[in-house]
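Me: I have a model open and want to learn how to read its annotated and surface features. Can you take me through them?

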Amino acid sequence: MSNTIFAFGLGIGTQNKEGNWLEVFYSAPCLHVEKGTLDALLESTNYEGGNSTLVLEEGDLNRLHMNLLKAGNIEQAELASRLKASTKPIILCVLATDEAPSNPAEVYLKLQLISHRLVQPHNTVLDGMFGLLINTAWTSEGPIDVKELADRQLSARMEGRTIEVFSVDKFPKMLNFIVPTGIRVGDAARIRLGAHLAEGTTVMHEGFVNFNAGTLGSSMVEGRISAGVVVGDGSDLGGGCSTMGTLSGGGNIVIGVGEKCLIGANAGIGIGLGDRCIVESGLYITAGSKVAVLDENNQVVSTVKARELSGQSDLLFRRNSETGAIECKTNKTAIALNEALHAHN
Ligand SMILES: CC(C)(COP(=O)(O)OP(=O)(O)OC[C@H]1O[C@@H](n2cnc3c(N)ncnc32)[C@H](O)[C@@H]1OP(=O)(O)O)[C@@H](O)C(=O)NCCC(=O)NCCS
């Protein structure tokens, strides 16, 4: 057996009536765990190696508390001790290796590794995760399997309560699981668990961030960051702008936005951007769009499909307001982020 494991988490789970996990909340997931902690897991619980999900009893948590203390892992030792008082099931999810998840507890651990900024988007295997997650109503009384919602609503009404349903989705709000430091979010419903919001990110009410996607540095996000899209440090997404998850026109090439870019209000990209690029507000660049490349004198040098410019730096895209043609020029004015905008993150 290896001396290290990819990740583990002590979590609090919610099950549906059939006993399937709807969600697991890991308050302090751990990445790349050392031998001492691994030994504590092996000695204290029924964990025998590999990728494994276990429900822990009070005795397991007691032993885990003592053995983690001996291993010097104070944070997890204290967590194990604290979880003894939980009225909800306690889960130990261990991922010896980073493989496609095999149950919801593993999916939730991986999504939380990303949102806790322990893993950047695309750096953990999430293949097949959709099929493992149950459609869940996220309500004022916690997560409820959508198949059980009507019954719960009736019961609640009979007791004089109304269950507030916030969403019906496979993914919950990220902020109900973790609020990373140094961020601001206008509307929590717009950030799914599994999003990666770096220090210095502001997501305004119109902004949206999907799972396995997000920012790597300071960003003002007023547009949509689709699943898989990663936005580099110092880039801004203008109000209502759109990023396609993959290079538009099919295929599975995930697009990204480099550093110090500006995607204008109501603009959109179906290609990746390198560093210091600007997309004029209102312009949607799809991968197959024909783009006239201009020289310094605004003369057309060549006409290419936008996908050929994907990922290149220092470009300014605009739609010629006289001809309607999409044009691309060298962006000479590297975008200086509005300092005041970011100063108070
Ligand atoms: C594309 C953009 C960056 C261009 O701004 P700019 O670099 O300041 O350019 P200017 O408006 O000064 O124009 C420079 C020249 O290009 C011309 N030009 C600008 N846009 C043009 C267009 N779409 N078609 C033809 N000519 C255009 C101008 O008329 C001007 O010509 P001139 O030199 O003969 O006077 C800007 O229009 C834009 O869309 N910014 C995004 C802002 C935004 O959405 N922020 C987020 C808010 S939530």
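Reply: Start with the record. This is a predicted model. UniProt, in an unreviewed entry, places the feature "binding site" at Arg224, Gly239, Ser242, Ala265, Glu280, Ser281, Gly288, Lys305, Arg318, Arg319, Asn320 and Ser321. These positions spread over 98 residues of sequence, and they are also spread in space, up to 26.1 Å between C-alpha atoms.

Me: Take Ser242. Is Ser242 buried or exposed?

Reply: Buried means under 20% relative accessible area. Ser242 has 10%, so Ser242 is buried. Ser242 sits in strand E18, residues 242-243.

Me: Which residues does Ser242 touch, leaving out those up to four places away in sequence?

Reply: Arg224, Ala267, Gly268, Ile269 and Tyr284. Arg224 also carries the UniProt "binding site" annotation.

Me: Next, the surface. Which residues make the nonpolar surface patch?

Reply: A patch residue needs over 30% relative accessible area. Here Met66, Leu69 and Ile74 make a nonpolar patch of about 250 Å². Ile74 has a relative accessible area of 41%, so Ile74 passes that cut-off. Ile74 is partly exposed.

Me: Where does Ile74 lie?

Reply: In helix H3, which covers residues 74-83.

How values were computed. Residues numbered from 1 in each chain as written. Predicted model: local features only at pLDDT ≥ 70, side-chain atom pairs only at ≥ 80, totals over all residues. Heavy atoms only, no water. UniProt positions renumbered as here; feature names shortened; annotations may be inferred. Helix = DSSP H or I, 4+ residues; strand = E, 2+ residues; numbered from the N terminus. Buried < 20%, exposed > 50% of the residue type's maximum accessible area, 1.4 Å probe, protein only. Contact = heavy atoms within 4.5 Å. Patch = residues over 30% accessible without salt bridge, like charges linked within 9 Å, V, L, I, M, F, W, Y side chains within 5 Å. Areas by Shrake-Rupley, 256 points an atom, 1.4 Å probe, with all protein chains shown as cover. Salt bridge = Lys/Arg side-chain N within 4 Å of Asp/Glu carboxyl O.
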